[in-house]
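The sequence and the structure are shown first, and the description follows.

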Amino acid sequence: MQEQLLNWYHKNARDLPWRRTRDPYKIWVSEVILQQTQVVTGTAYYERFVERFPTVQDLAQAPLEEVLQAWEGCGYYARARNLHAAAKQIAEDPFPETFEGWLALKGVGPYTAAAVSSIAFGYPKAVVDGNVRRVLARWYAIKEPTELWLQTTADGLLVVQEAGNWNQAVMELGATICTPKAPKCPECPVKTFCKAYQSGKPTDYPAPKVRAEVKEVQAVALIVGDLHTLYIEKRPEKGLLGGLSGPPLEQVQSGETAEVALNRLLGRLAAKEARFLGTIEHTMTHRHFVVQVHQAQADLPRTASTVAMSRLDRKLLGVLQEKQGSLFG
DNA sequence: AACTCGGGGTA
DNA sequence: TACCCAGAGTT
């Protein structure tokens with residue numbers, strides 16, 4: 001089976017930018033960007049990131065704000081903060097070459113440590129990501145595989161002499177053939193080894209994960225000034241959209257009206273003459289924001305030129321753009 | 001072991 | 001709409 005899959009991978013591997021380099025730094029960057037980010041989305045971020053920060057020393061010396069700016073819109077911003085911190089940790093040292101060495105870095109968990117050490121250094125450790133989980137669950141017809149079973153089974157199947165290629169081959173199969181909803185089993189190079197295929201119902205494996213419900217969040221945002229003299233504040237590092245900047249935002253607590261939240265916001269900023277601009281909605285994995293955007297007057301400093309904002313923040317500013325017709329940032 | 005943390009692709 | 005994405009850190 002290993003030979004079949006490796007041969008298939010050799011002929012069918014997608015031409016992805018991080019497969020054109022052996023640079024551990026660039027492979028590391030790609031793996032962090034690809035955490036919970038699909039290849040189609042991550043590719044553009046990868047290209048821009050390694051162009052702006054070509055070496056780990058460039059990244060280590062850059063201000064955090066610039067790193068977050070390169071990450072704008074990509075989500076899970078702790079990845080950017082941790083990557084920057086880890087770059088500072090090792091900029092003066094040689095790169096780790098083992099699974100354990102990579103695992104010690106901030107933002108590097110079992111998946112990324114296995115991926116970088118195997119792909120860049122040939123270290124014999126199996127990756128377990130969403131693709132591998134699905135592929136193994138189908139090969140063995142296991143509906144609810146545990147993390148321990150997955151890692152043990154993956155390590156047992158690893159082709160030690162070709163650890164990096166094997167790891168990528170399993171992921172490639174999961175991404176292009178053994179897909180979640182409509183797997184292309186007839187094209188699968190290893191279908192004869194697959195119990196889920198033999199069962200005739202491959203999509204029964206693995207069972208879907210129970211997901212938290214999407215909670216609706218009401219909030220009020222305040223735009224002070226206009227598009228050229230905007231007041232933007234930086235959120236605390238921890239929590240939702242931590243470390244990013246945006247217009248002041250105040251959640252409407254349960255049992256209170258938007259007006260109460262707006263007055264709280266106006267009080268905090270010593271702002272007055274609020275006028276309603278519009279409402280935006282923004283959905284994240286586990287939250288659906290409904291935000292009333294208001295504009296007001298206050299004596300506050302204007303925004304620094306380099307700030308990183310989330311999609312939600314951009315959407316809030318979009319309401320003002322519709323009224324003023326000019327572009328910020 | 002269960003939450004939290006973004007945003008978007010696909011059927 | 002449901003489900004998932006080349007997961008990690010915290011509780």
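This is a predicted model: local features need pLDDT of at least 70, side-chain atom pairs count only at pLDDT 80 or more; totals for chains, interfaces and linings use all residues.

## Contacts with DNA and aromatic pairs

A backbone N or O atom of C74 is placed 3.4 Å from a base nitrogen of DNA strand B.

| Protein residue | Protein atom | Atom of DNA strand B | Distance |
|---|---|---|---|
| C74 | backbone N or O | base nitrogen | 3.4 Å |
| Q36 | polar backbone atom | base nitrogen | 3.0 Å |
| H282 | polar side-chain atom | phosphate oxygen | 2.9 Å |

The surroundings of DNA strand B consist of 21 residues, of which Q38, L241, T285, R287 and R311 are the closest. By residue class, the surface near DNA strand B divides into seven nonpolar, eleven polar and three charged residues.

The aromatic residues form a second topic. A pair of aromatic rings is described by the distance of the centres and the angle of the planes. With ring centres required to lie within 6.5 Å, the count comes to six aromatic pairs. One of them joins W28 and W102, with 5.3 Å from centre to centre and 65° between the planes, an edge-to-face arrangement. W28 belongs to helix 2 (residues 24–33) and W102 to helix 7 (residues 99–103), so this pair ties together parts that are 74 residues apart in sequence.

W102 also pairs with F95: the ring centres are 6.1 Å apart and the planes meet at 15°, so this pair is stacked. Planes under 30 degrees apart count as stacked, whereas those over 60 count as edge-to-face. Together, W28, F95 and W102 make up one aromatic cluster.

F95, in contrast, counts as partly exposed because its relative accessibility is 22%, and buried means under 20%.

The charged end of K125 sits over the ring of F99, at 4.9 Å from the ring centre. K143 is found over the face of Y205, where the distance to the ring centre is 5.6 Å.

Definitions and conventions:
Residues are numbered from 1 along each chain as its sequence is written. Chains are lettered from A and ligands numbered from 1 in the order in which they are written. Side-chain values use heavy atoms; hydrogens and water are left out. Helices (H or I, at least four residues) and strands (E, at least two) are DSSP runs, numbered from the N terminus. Buried means under 20% relative accessible area, exposed over 50%, partly exposed in between (1.4 Å probe, protein chains only). A charge sits over a ring if NZ of Lys or CZ of Arg is within 6 Å of the ring centre and within 35 degrees of the ring normal. A residue is near a molecule or strand if one of its heavy atoms lies within 4 Å of it. A polar contact is a pair of N or O atoms within 3.5 Å; within protein, one must be able to donate a hydrogen and the other to accept it, and residues adjacent in sequence count only if both atoms are side-chain atoms. Ala, Val, Leu, Ile, Met, Phe, Trp, Tyr, Cys and Pro count as nonpolar, Asp, Glu, Lys and Arg as charged, and the others, Gly among them, as polar.
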